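Here is a briefing on a two-chain model. Look at the sequence and structure first, then read the points below.

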Amino acid sequence: MTSTVTESVVSTTDATAAGADTPAPYDDEVLAELLIEEISIDGMCGVY
Amino acid sequence: MTRYALHPQVGLRDEAFGALAYHYGSRRLTFLNDARLVTVVRTVADHDDVDAALAAAGVPDRRRAAYLTALQRLADAEILTCE
């Protein structure tokens, strides 16, 4: 059996709590990645 | 102007961290890790435009760009439809 789990984002950093009034441009990219996380469950039969 | 709506093949389930979206076609799970983003995803089709949906959900102006990027990624993942 093969299982595939892909995670586009793995992080525990909370960019919204950074407290910066004028966030650097890269902050938006970081926050956008923290807002969503994708997982494929294809091939995980037998796991659930 | 871009208009988003929840994809008809996607189910949303509220969770403590935000919500879990499941696409019945692609069988992909997507975690929405923010309550305001969940609100936007649920309501964006009810508003005239995405800006109104972001404002109604309480997204701060300085974070709009991040949310717009997240919405585009959700559209790329077919969690949202985009026209």
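A nonpolar core here is a set of buried Ala, Val, Leu, Ile, Met, Phe, Trp, Tyr and Cys residues joined through C-beta atoms within 7 Å. A residue is buried if 20 or more other C-beta atoms lie within 10 Å of its own. The model is predicted. Its largest nonpolar core holds 25 residues.

**Core**

- Within the largest nonpolar core, Leu37(B), Val40(B), Val41(B), Tyr67(B) and Ala70(B) touch the most other members.
- Helix 1 (25-35) of chain A gives two or more residues to this core. So do strand 3, helix 1 (35-43), helix 2 (50-56) and helix 3 of chain B.
- Helix 3 of chain B gives the most, with 5 residues.
- Leaving aside residues up to four places away in sequence, Ala70(B) touches Ala32(A), Leu35(A), Ile36(A) and Leu37(B).
- In soluble globular proteins, nonpolar side chains tend to be buried together.

**Strand pairs within chain B**

- Strand 2 (residues 10-15) and strand 3 (residues 18-23) of chain B pair in the antiparallel sense over 6 bridges. They form a hairpin with 2 residues between them.
- Across this pair, Asp14(B) stands opposite Ala19(B), and Arg13(B) stands opposite Leu20(B).
- Strand 3 of chain B also pairs with strand 4 (residues 28-32) of chain B, in the antiparallel sense over 5 bridges.
- On the strand 4 side, Leu20(B) stands opposite Phe31(B), and His23(B) stands opposite Arg28(B).
- The hairpin of strand 3 and strand 4 of chain B has 4 residues between the strands. There, Arg27(B) takes a positive phi near 60°.

**Where the chains meet**

- The contact takes 18 residues from chain B and 14 residues from chain A.
- On the side of chain B that touches chain A, strand 4 and helix 3 (64-76) of chain B each supply at least two residues.
- Helix 3 of chain B gives the most to that side, with 6 residues.
- The residues on that side of chain B divide into 9 nonpolar, 3 polar and 6 charged.
- Strand 1 (residues 36-40) of chain A pairs with strand 4 of chain B in the antiparallel sense over 5 bridges.
- In that pair, Ile39(A) stands opposite Leu29(B).

Methods: Residues numbered from 1 in each chain as written. Chains lettered and ligands numbered in written order. Predicted model: local features only at pLDDT ≥ 70, side-chain atom pairs only at ≥ 80, totals over all residues. Pairing = 2+ DSSP bridges. Contact = placed C-beta atoms within 7 Å. Nonpolar A, V, L, I, M, F, W, Y, C, P; charged D, E, K, R; others polar. Buried ≥ 20, exposed ≤ 12 C-beta atoms within 10 Å, placed from the backbone.
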